[in-house]
Amino acid sequence: MNYKKYLEDQLQTSIEAADHKSVYYALLHLTKELCKEKTANQGTKKIYYISAEFLIGKLLSNNLINLGIYDDIKKLLHENGKSLEEIEEFEPEPSLGNGGLGRLAACFLDSIATLGLPGAGIGLNYHYGLFRQVFENEKQKELKNPWIEKENWLIKTDVHFPVQFGSFTLQASMYDIDIPGYGNGINKLHLFDADSIDESLVTDGIHFNKENIAKNLTLFLYPDDSDKAGHLLRIYQQYFMVCCGAKLILKELKEQNFELSSLPEHVVIQINETHPALAMPELMRILMDEEDFGWDEAYGMVKKIFHYTNHTIMTEAMECWDENMFRLLLPRIYQIICAINEKYCQKLSVYYSKEEEKIAQMAVIGNNEIRMANLCVALCRRINGVSNLHADILKTRIFKGSYQI
């Protein structure tokens, strides 16, 4: 491809005469066009990395490097009086993640694509991310972070799913971001959004009506959950993400003409911290209620395909949901979790028959709470920390009883 001609066709003027922001948009279009020409990483088994966060950072330079044209573009711009570093300043950073959890997820997506492994990320398309920080009168002030400009990295797809909550249904649409591997094929980051989102709901700073789920679901990453409405919104967000993710995984399996009964042979699902843990009972629900599998069959398949990364050992960070609230919000998922808990406690009682207190601590449900970390331990095939030291703490302290089993 003649990069100079392509860019000037986009700019409708010379590179030298164009302003920096226009050149950025032209490079964005060029990069997306080149990604279209890349072959998707293929294979008979695919990994799906489900995470509430993907801290992917600015994509232009990373994509130019992975596509193998960074030096060519930098030279072309320099020859026309432009600096790639200055042009990058006009790129808004996708506000899809916040910290180490999100950065780890982004690094894995990059690595999976570079290794040529078939894989995909699954998350949510947050319109305003966490928040944008400014200072007024020597104090922090949080403002919304509208990173989704008219021209952006998102690619709207024709994939849509209904998501049924206890009393209402939301329609979801899928948006993709291309993840080109370095010298290899391409994978996708799939981001789901509710069609009914209303950005005007956010009025002052990052404040909004937390009860209007249809309009607020994907506005912010980690909405304030210090009250009941915020607590409910977090559960809605997480279930929306995993429901869409589970439906997408089964859809892709069918499109490859694989039998659903062979799911463990073709799919691996990595859940990044406990935010996507509901993917396990949700996948069981779909297999049982919509695909006519028995409970034991669905349970057996889920046990073979899920892996869990634990990021923190702090008790207060281990997600727990109020049992009564959860039962009203997701009644069928609650039923399935109760059955999982019963089966898991039966297993524990074989090993700890005279230690009822220990079994109660390890149970998925206890003290009127649903413990998401314990759900992961009960169902996941592999569990890891983010370092050897972290993993040792999980084995010797946090999940010691399960590790001994």
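So, how are helix 10 and helix 13 oriented to each other? They're roughly perpendicular to each other, a label used for angles of 65 to 115 degrees, with under 35 called roughly parallel, over 145 roughly antiparallel and the rest oblique.

Quick housekeeping before the details. This is a predicted model, where local features need pLDDT of at least 70 and side-chain atom pairs count only at pLDDT 80 or more, while totals for chains, interfaces and linings use all residues. Residues are numbered from 1 along each chain as its sequence is written, and side-chain values use heavy atoms, with hydrogens and water left out.

Okay, back to the helices. Helix 10 covers residues 279-290 and helix 13 covers residues 331-351; they pack at about 105 degrees, and their axes are 9 Å apart. Axes here are lines fitted to C-alpha atoms, for helices over the stretch in contact, and angles run from 0 to 180 degrees between N-to-C directions. Helices are DSSP runs of H or I with at least four residues, strands are E runs of at least two, and the numbering starts at the N terminus.

Who touches whom? From helix 10 we get Pro281, Glu282, Met284, Arg285, Met288 and Asp289, and they meet Arg332, Ile333, Ile336, Ile337 and Ile340 of helix 13. Contact means heavy atoms within 4.5 Å. By class, that's 7 nonpolar, no polar and 4 charged residues. For the bookkeeping, Ala, Val, Leu, Ile, Met, Phe, Trp, Tyr, Cys and Pro are nonpolar, Asp, Glu, Lys and Arg are charged, and the others, Gly among them, are polar.

Leu375 itself sits in helix 15, residues 372-379. It has 0% relative accessibility, so it counts as buried; the cut-offs are under 20% relative accessible area for buried, over 50% for exposed and partly exposed in between, with a 1.4 Å probe and protein chains only.

Now the core. The largest nonpolar core has 136 residues, and among those with the most contacts inside it are Phe240, Ile269, Met280 and Phe306. A nonpolar core is a set of buried Ala, Val, Leu, Ile, Met, Phe, Trp, Tyr and Cys residues joined through side-chain atoms within 4.5 Å. Helix 8, residues 228-255, gives the largest share, 14 residues. As for Ile269, its contacts beyond four places in sequence include Tyr48, Leu283 and Phe306.

Next, the rings. There are 11 aromatic pairs in the structure. Phe, Tyr and Trp rings (the six-membered one for Trp) pair if their centres lie within 6.5 Å, and planes under 30 degrees apart are stacked, over 60 edge-to-face, the rest tilted. Phe165 and Tyr239 make an edge-to-face pair, 5.7 Å centre to centre with 65 degrees between the planes, and both are buried. Phe168 and Tyr236 are tilted, at 5.6 Å and 45 degrees. Phe168 is in the loop between strand 5 and strand 6 and Tyr236 is in helix 8, so this pair ties together parts 68 residues apart in sequence. Ring pairs link all four, Phe165, Phe168, Tyr236 and Tyr239, into a cluster.

Glu273 isn't a glycine, yet its phi is positive, about 65 degrees. Glu273 lies in the loop between strand 8 and helix 10, and it's buried at 5% relative accessible area. Tyr222 has a positive phi too, near 50 degrees, and Tyr222 is partly exposed at 23%.
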